[in-house]
Structures are given as structure tokens and as C-alpha cells.
Amino acid sequence: AERIDVGPAAPKPLEQDAICYLLAEKAREGKTVVRLKWGDPFVFDSGGKEALFLHEQGIPFEVVPGIPAAIGGPAYAGVPVTYPEAGDVLTFVRGHEGETDALPDVDWARLAGMEGTIVCYAGTRQIGAICDALRANGRSDDEPAALIYAATTPAQLTVQGTIGDVASRVKNGHAAALLVIGAVTSLREHLR
């Protein structure tokens, strides 16, 4: 099998449009093509764009869903993203995974006003600003929080704290983390 690494770990990562064209090209060559992605290809990823492109090109395809990192990462760390006494809302937030200080374009007041668990895919430089935005809009400084780096890999690292202090616990050398906010993070000591 020919293996073509197109993601961030590739020697020369491809732009999304180039990946779409490569998928179509290899399929037109009569090859069975597998586009292997982390987590679920339709959760904060480009799987939908790739599938739509193949559809528009008349190329048949099949999507095999995976477990989103926002569910699998916390579970692997011993944090259930829902729990009966921890609120009835689970919210996934797409953070900026690049190295920028800009906040994601989110209605922080509404998000902070919902009870339950928030899981944010975040660049480590945004974690402080995200916590500050939630606190400024009503979330308590003492609300439990956790950072999960390299989710579900042997290098996974989980750091626990609160919204008020978890940003000071960010580990250098990691580009991104899952930021989990809510009472469920307190269950980790019993479930990990």
C-alpha cells in the first residue's frame, strides 16, 4: 500500500484543497483510498469538506465515524464528559489550534450561562483567555477544570485545577490541549 502523510506531521503538510484533489486523483487511478483521521472526521475537522468534494466529483465514498477527541481524550483520562449530577448540557467549542492569542468567535456570555460541561479544543496560548472570558461572564473561579495533552496516546498528560488557576498550569512544549471545564473533572481521581 502506498502511504501518503498529508497532515501536520508530514515533512511537507498539504493544504486542504490539495488533499481533496489527491483523494480524487488516487480514486480515479482505480485505487482504494483510505483517508485516516484522528477522532471523528466530522467533528471540528475537514471530513465534511472532503466528502462533499468527492460527491461533487462523482466519486463514491464511505465514512467510518470515530470517537471525537473531546469524548475519547477525557474518558482515557478518567473524566466522563457527562454525569447525572454535573448538569445536562455538554458543549464542544472549537478553539484556535494555532499559536495565536485570539479567542475563538464564541458568545461567551451564553456559553458561561449554561450549566454543564465544556470541552474546548484549544491552542495552549488561548487557555488563559478562554478561562478569563468564561469567568468574566459568570463562571466561578473555583469551578473544576482539566487540561489534557496528547489525548489517548502513551504521552497523554492531564493537569487538573480550576478555571481560576488552570491557565497557570499550562505545560510548555505542547501546541494544543483539550480544556475540560465542569464538575466532571473532579471525578478523575476516582476513575482514572
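**Rings, helices and cores**

Q: Is phenylalanine 53 buried or exposed?
A: Keep in mind that this is a predicted model. Phenylalanine 53 has a relative accessible area of 12%. The cut-off for buried is under 20%, so phenylalanine 53 counts as buried.

Q: How do the ring planes of tyrosine 21 and phenylalanine 53 sit, stacked or edge-to-face?
A: The centres of the two rings, tyrosine 21 and phenylalanine 53, are 4.9 Å apart. Their planes stand at 70 degrees, and planes over 60 degrees apart count as edge-to-face. So the tyrosine 21 and phenylalanine 53 pair is edge-to-face.

Q: How is H1 set against H2, oblique or roughly parallel?
A: The axes of H1 and H2 are 10 Å apart, and the helices pack at an angle of about 45 degrees. Roughly parallel would need an angle under 35 degrees. That makes H1 oblique to H2.

Q: Which residues of H2 meet H1, and is the crossing left-handed or right-handed?
A: From H1, the residues in contact are Gln16, Asp17, Ile19, Cys20, Tyr21, Leu23 and Ala24. On the H2 side they meet Lys49, Glu50, Phe53 and Leu54. H1 passes H2 in a crossing that is right-handed.

Q: What is the C-alpha separation of leucine 52 and leucine 14?
A: Leucine 52 is found in helix H2 and is partly exposed, with a relative accessible area of 47%. Leucine 14 is 38 residues away along the chain. Their C-alpha atoms are separated by 18 Å.

Q: How many aromatic pairs are there, and what is the angle between the planes of phenylalanine 44 and tyrosine 121?
A: The count comes to two aromatic pairs. The rings of phenylalanine 44 and tyrosine 121 have their centres 5.2 Å apart, and the pair is edge-to-face. The angle between those planes is 80 degrees.

Q: Which element gives the largest share of the largest nonpolar core?
A: That core has 21 residues, and those with the most contacts inside it include Ile127, Leu147 and Val166. Elements that give two or more residues to the core are H4 (108–113), S2 (117–123), H5 (127–136), S3 (144–149) and S5 (176–181). The largest share, five residues, comes from H5.

Q: Which elements do the buried residues of H5 pack against?
A: The buried residues of H5 are Ile127, Gly128, Ile130, Cys131, Ala133 and Leu134. Leaving aside neighbours within four places in sequence, leucine 134 is in contact with Trp108, Leu111, Ala112, Ile118, Arg139 and Ile181. Taken together, the buried residues of H5 pack against H4, S2, S3 and S5.

Q: Is threonine 185 buried or exposed?
A: Threonine 185 sits in the loop between S5 and helix H6 (188–191). Not counting residues up to four places away in sequence, threonine 185 touches Val79, Pro144, Ala145, Ala146, Gln160 and Val180. Its relative accessibility is 1%, so threonine 185 counts as buried.

Q: What is phi of alanine 150, and what is phi of threonine 152?
A: Alanine 150 is in the loop between S3 and strand S4 (157–162), and threonine 152 is in the loop between S3 and S4. Alanine 150 is partly exposed at 32%, and threonine 152 counts as partly exposed at 45%. Each has a positive phi in a residue other than glycine. Phi is near 50 degrees for alanine 150 and near 65 degrees for threonine 152.

Conventions. Residues are numbered from 1 along each chain as its sequence is written. This is a predicted model: local features need pLDDT of at least 70, side-chain atom pairs count only at pLDDT 80 or more; totals for chains, interfaces and linings use all residues. Side-chain values use heavy atoms; hydrogens and water are left out. A nonpolar core is a set of buried Ala, Val, Leu, Ile, Met, Phe, Trp, Tyr and Cys residues joined through side-chain atoms within 4.5 Å. Buried means under 20% relative accessible area, exposed over 50%, partly exposed in between (1.4 Å probe, protein chains only). Helices (H or I, at least four residues) and strands (E, at least two) are DSSP runs, numbered from the N terminus. Contact means heavy atoms within 4.5 Å. Rings of Phe, Tyr and Trp (its six-membered ring) pair if their centres lie within 6.5 Å; planes under 30 degrees apart count as stacked, over 60 as edge-to-face and the rest as tilted. Axes are lines fitted to C-alpha atoms, for helices over the stretch in contact, and angles run from 0 to 180 degrees between N-to-C directions. Angles under 35 degrees count as roughly parallel, over 145 as roughly antiparallel, 65 to 115 as roughly perpendicular and the rest as oblique. A crossing is left-handed if the near helix is turned anticlockwise from the far one by less than a right angle, and right-handed if clockwise.
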